[in-house]
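Here is a briefing on one protein model. Please look over the sequence and the structure before reading on.

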Amino acid sequence: VQLQASGGGLVQAGGSLRLSCAASGSIGSINTMGWYRQTPGKQRELVAELTRDGTARYPDSVKGRFTISRDNAKNTIYLQMNSLKPEDTAVYYCNINGRTQFRYSFDSWGQGTQVTVSS
């Protein structure tokens, strides 16, 4: 299963961006979908997660500002980011894990998309 992320860019503080992550391949079922971010010298951190039953969770740093969603028909997940802050600047990665149509497990990552928030 391959993931293609897009939608990053440069935005002023207080602005919004929407990231997209399109999945392709023989997806049978999905366990969780998520967005992570990473800055140089730091560990990758979870910013949004959506479970199979539709439960979304966010860390306090983005709660109320970021929203994760999915379009099942398009096998695409989104991350709507509002009220962006300079500290949101990072490379954002999407992740989907589950099983293929042949019941093999997969844990796929997108290539990363840069988000830069200027003050």
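In which strand is the place of Ala 23? Ala 23 has its place in strand 3. The model is predicted.

**Ala 23**
- Ala 23 has a relative accessible area of 11%. Buried means under 20%, so Ala 23 counts as buried.
- The C-alpha atoms of Ala 23 and Gln 2 are 5.7 Å apart, although 21 residues separate the two along the chain.
- Beyond its neighbours within four places in sequence, Ala 23 is in contact with Val 1, Gln 2, Leu 3, Asn 75 and Ile 96.
- Ala 23 is also one of the residues that line the largest cavity.

**The cavity**
- Searching the whole structure gives 1 cavity of 30 Å³ or more.
- The largest cavity holds about 50 Å³ of space.
- Its lining consists of Ala 23, Ile 30, Met 33, Arg 70, Asp 71, Asn 72, Asn 75, Thr 76, Ile 77 and Ile 96.
- Strand 4 (27-38), strand 7 (66-71) and strand 8 (76-81) are the elements that each give two or more residues to that lining.

**Rings and a charge**
- What does Arg 44 lie over, at 3.7 Å from the ring centre? Arg 44 lies over the face of Tyr 93.
- The charged end of Arg 44 also sits over the ring of Trp 109, at 4.7 Å from its centre.
- A search of the whole structure for aromatic pairs finds 1.

**Ser 20, in strand 3**
- Ser 20 lies in strand 3, which spans residues 17-24.
- Is Ser 20 buried or exposed? Ser 20 is buried, because its relative accessible area is 18% and the cut-off for buried is under 20%.
- Leaving out neighbours within four places in sequence, Ser 20 is in contact with Gln 4, Ala 5, Ser 6, Trp 35, Thr 76, Ile 77 and Tyr 78.

**Ser 118, in strand 11**
- Ser 118 belongs to strand 11, residues 113-118.
- With a relative accessible area of 27%, Ser 118 is partly exposed.
- Ser 118 and Thr 89 are 29 residues apart along the chain, and their C-alpha atoms are separated by 8.4 Å.
- Apart from neighbours within four places in sequence, Ser 118 is in contact with Leu 10, Val 11, Gln 12 and Ala 13.

**Loop residues with positive phi**
- Ser 83 has phi near 50°, a positive value in a residue other than glycine.
- Where is the place of Ser 83? Ser 83 is in the loop between strand 8 and strand 9 (90-100).
- Ser 83 is partly exposed, at a relative accessible area of 40%.
- Arg 103 has phi near 70°, also positive in a residue other than glycine.
- Arg 103 is found in the loop between strand 9 and strand 10 (105-109).
- The relative accessibility of Arg 103 is 63%. Exposed means over 50%, so Arg 103 counts as exposed.

Key. Residues are numbered from 1 along each chain as its sequence is written. This is a predicted model: local features need pLDDT of at least 70, side-chain atom pairs count only at pLDDT 80 or more; totals for chains, interfaces and linings use all residues. Side-chain values use heavy atoms; hydrogens and water are left out. Rings of Phe, Tyr and Trp (its six-membered ring) pair if their centres lie within 6.5 Å; planes under 30 degrees apart count as stacked, over 60 as edge-to-face and the rest as tilted. A charge sits over a ring if NZ of Lys or CZ of Arg is within 6 Å of the ring centre and within 35 degrees of the ring normal. On a 1 Å grid over the protein atoms alone, a cavity is a set of points where a 1.4 Å probe fits but cannot get out, and a pocket is an open set with protein on both sides within 12 Å along at least five of seven lines; lining residues have an atom within 4 Å of a point. Grid points are joined across faces, edges and corners, and a volume is the space filled by probe spheres set on the points. Helices (H or I, at least four residues) and strands (E, at least two) are DSSP runs, numbered from the N terminus. Buried means under 20% relative accessible area, exposed over 50%, partly exposed in between (1.4 Å probe, protein chains only). Contact means heavy atoms within 4.5 Å.
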